[in-house]
Amino acid sequence: MPMKSRSVRVALTALAAASLLTVAAIDTGQAPARAATADFPVQLVTVDTSTRADKELLQSLGLDMTEHAGHDYIEVVLHSPAEAAALHAAGLTWDVRIPNLALHTAKVNEINERYAARTERSPLPSGRTGYRTLADYNADMHKLATMRPGIAREITLPHRTLEGKLVHGLAIGRDVREPRDGRPVFLIMGLHHAREWPSGELTMEFAYDLVTNYGKRDRITNLLNRSRVIVVPVTNPDGFQKSVNDGMLLDLREVDDGGTVSLLGSPGNVYKRKNCRLLDGQRPVANECALAASPGGFGLGVDTNRNYGGLWGGPGAASEPADPTYRGAAPFSEPETQNIRELVSHRQVTTLITNHTYSNLVLRPNGVKPDTIGPDGEPIGQPHDEAAMKALGARMAAQNGYQNLHSWELYDTTGTTEDWSYNATGGYGYTFEIGESEFHPPYPEVVDEYLGAGKYAGRGNREAYLVALENAVNQEQHSVIAGKAPAGATLRLTKSFATSTWNSSISDTIETTMRVGDSGGFRWHVNPSTRPMVMDRQYEVLADEPIRSKTYNGTFIAPTQHTDHTFTVKRSGVDLLDVTLDWPTPDDLDLKVFYREQDGSLTEVASSEQFVNEKERALVEAPKPGGYVFRVINYASASPSYTLTGSLYDTEPKTVPRQLIENYTLTCEKNGKILQQIPVVVDRGQVVKADLSRCRARW
Ligand code: 0X9
Ligand code: ZN
């Protein structure tokens, strides 16, 4: 994770004295004079969040947070002066990274135009040289299915969007027009969030790669012989269409001509995140959604990545429609999430990737910290399959060079795609946050993200997706039901259960079918019958007593000065270094923790800058052995003394014990008539034999 370069911390009093617009004008000094007068330019800022409390405070403000975050910052899109005011009022400080996103998009458009003009064909599988519009996506899927009908088939998801659009996808694999024959499914998606254009581009390029290389490259041919791949590049077409249409309109030349200053003052829907649900339970009328762009355009709408049923309504999802992470009126209230729910409930999706931008991350479940108490009164814990999902995440991250993390390591979320899909089906699920630093960078970066660049040249997300597809077909990582049944019989696997939301539950049904081939032998690749949620799961608690603790009693530090104290971690394998600072006066000391590198330089590893009168605490997880410096800084304090304590802790693993074993119901059917029905229990990595002799006898 690239750590933010800290600039001077802005003193609160100075900010209070300045009017907001003046602050905005200073911060956005690079914008051309004409573009940034009365209008507040939509901007990308880096908010200082040195403690988890700061992160939670920021999250409570309902601002438009990005996934770009580190131990002491989160990047946020500011859409209006009111939002800047909310940050001030909360006492948070920030630096401006992109002072005018509209102007920035116009610049990116210019770069893109130049790239397209000088490039006849990019090295991408499709050869594209610029971002697709919604129409381009649909045309490309149609083209692939027409080009190779034997292995690519267009699919249309069951629900139209709120604006009445169809959501299209592509099914890819050998005999893709034949009835399903029990092969596992890999699902890859893009554009849950409207402004995250590369997430659709990479999804579509993977489809091109598979379809054009089937029969040419053994690895791809073999994978498509053993699986079906479902590609849904644009899961939120209403939102995406608004973002991309407005985005492509922003033109820098028009600034010079003086024509569209107001347009640049407001980027319209370019940074729209959510769908077109402007009012709970209602569909927008024609054009209403496009015109609803509030300053900067994130405005109303449901965050489709908070609307899934799993843990719906819990931490990291908002209940207010104007909030960027609005969860919607009910779990699965939106057509966009209903579509994906039904897709996943009617196929055996053993692995899925949902693409987003940005921050170069491979994220895995769960969305909340393991020690968070969940709806069942027990800690949410680590996913039952943590070890395997972490290992697969690492193998993918070795291809694209991203960081391999738990989703919750950046901030909490509930109701995301894989919060539901993993916990309901047991199929592995990942969020990819593509790209280093922005929602839709210059197109050449999209090319690099797909094919890999620098150290990762020739690998990139292309290879990461292939690794995921290999996992989807690897039967060690899912389950197999095998046996003999009459040729032509339909086998049906069903399971109904309650999926926990945060405060209640919804009923979920998984129902998948396959047709038995001419030989009568079948091998059905499925997810395990018992859901991870009801299996045992691990979490960790801090030991009651520290392994070692050292206390320093300090004396007065002159204002703006600091005092350093040294501390040593003698062995590896310690789980936590906990540093606390206390002092008697009601004013402000700050704390920073550094690691001393071999060359003697200091690397900041934790810090705590609470506000006046709050005591400081900094945590270093899994501290490396070596020398540490605890720096006590007098920010604004007259204290004659302070007490500083460094403690090393181990954590103790605890288990929420296995509670349940769940089964599928397997039926063997002839022309819709059930000839035999049996329960099937199958674990991950297991092959079980299903005895369907009665079905054969009665056929
Ligand atoms: O917040 C989201 O929905 C995703 N990030 S994005 O910037 N693309 O909007 C991340 C979802 C999972 N991540 C976390 N739990 N942090
Ligand atoms: Zn996203």
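**View 1. The loop that holds Asn366 in the predicted model.** In this predicted model, Asn366 belongs to the loop that runs between E10 and helix H14 (386-400). The peptide bond joining Pro365 and Asn366 is cis, with an omega of about 0°.

**View 2. The cis peptide bond of Thr357 and Tyr358.** Thr357 and Tyr358 are joined by a cis peptide bond, for which omega is about 0°. Tyr358 is placed in the loop between E9 and strand E10 (361-364).

**View 3. The backbone at Asn287.** Asn287 is found in the loop between helix H11 (261-265) and helix H12 (288-291). Its phi is near 70°, a positive value in a residue that is not glycine.

**View 4. The shell around ligand 1.** Ligand 1 is surrounded by 14 residues, and the closest are Arg273, Asn305, Arg306, Thr413 and Glu433. By class, the residues of this shell comprise two nonpolar, seven polar and five charged. The space that ligand 1 takes is the largest cavity. Strand E2 (64-70) and strand E9 (349-357) are the elements that contribute two or more residues to the shell around ligand 1.

**View 5. Polar contacts of ligand 1 with protein side chains.** An oxygen atom of ligand 1 lies 2.6 Å from a polar side-chain atom of Arg273. For Glu196, a side-chain N or O atom is 2.9 Å from a nitrogen atom of ligand 1. For Thr413, the distance between a side-chain N or O atom and a nitrogen atom of ligand 1 is 2.6 Å. Ligand 1 taken alone exposes 420 Å², and 100% of that area is buried by the protein.

**View 6. An aromatic pair formed by Tyr137 and Phe240.** A pair of aromatic rings is described by two quantities, the distance of the centres and the angle of the planes. Across the whole structure, the search finds 14 aromatic pairs. In the pair of Tyr137 and Phe240, the ring centres are 5.6 Å apart and the planes stand at 75°; the pair is therefore edge-to-face, since planes over 60 degrees apart count as such. Distant parts of the chain are linked by this pair: Tyr137 is in helix H6 (residues 134-147) and Phe240 in helix H9 (residues 237-249), 103 residues apart.

Conventions:
Residues numbered from 1 in each chain as written. Chains lettered and ligands numbered in written order. Predicted model: local features only at pLDDT ≥ 70, side-chain atom pairs only at ≥ 80, totals over all residues. Heavy atoms only, no water. Near = heavy atom within 4 Å. Polar contact = N/O pair within 3.5 Å; in protein donor to acceptor, adjacent residues only side chain to side chain. Areas by Shrake-Rupley, 256 points an atom, 1.4 Å probe, with all protein chains shown as cover. 1 Å grid on protein atoms, 1.4 Å probe; cavity = no way out; pocket = protein on both sides within 12 Å on 5 of 7 lines; lining within 4 Å. Sits in = over half its atoms within 2 Å of the grid points. Helix = DSSP H or I, 4+ residues; strand = E, 2+ residues; numbered from the N terminus. Nonpolar A, V, L, I, M, F, W, Y, C, P; charged D, E, K, R; others polar. Phe/Tyr/Trp six-rings, centres within 6.5 Å; stacked < 30°, edge-to-face > 60°.
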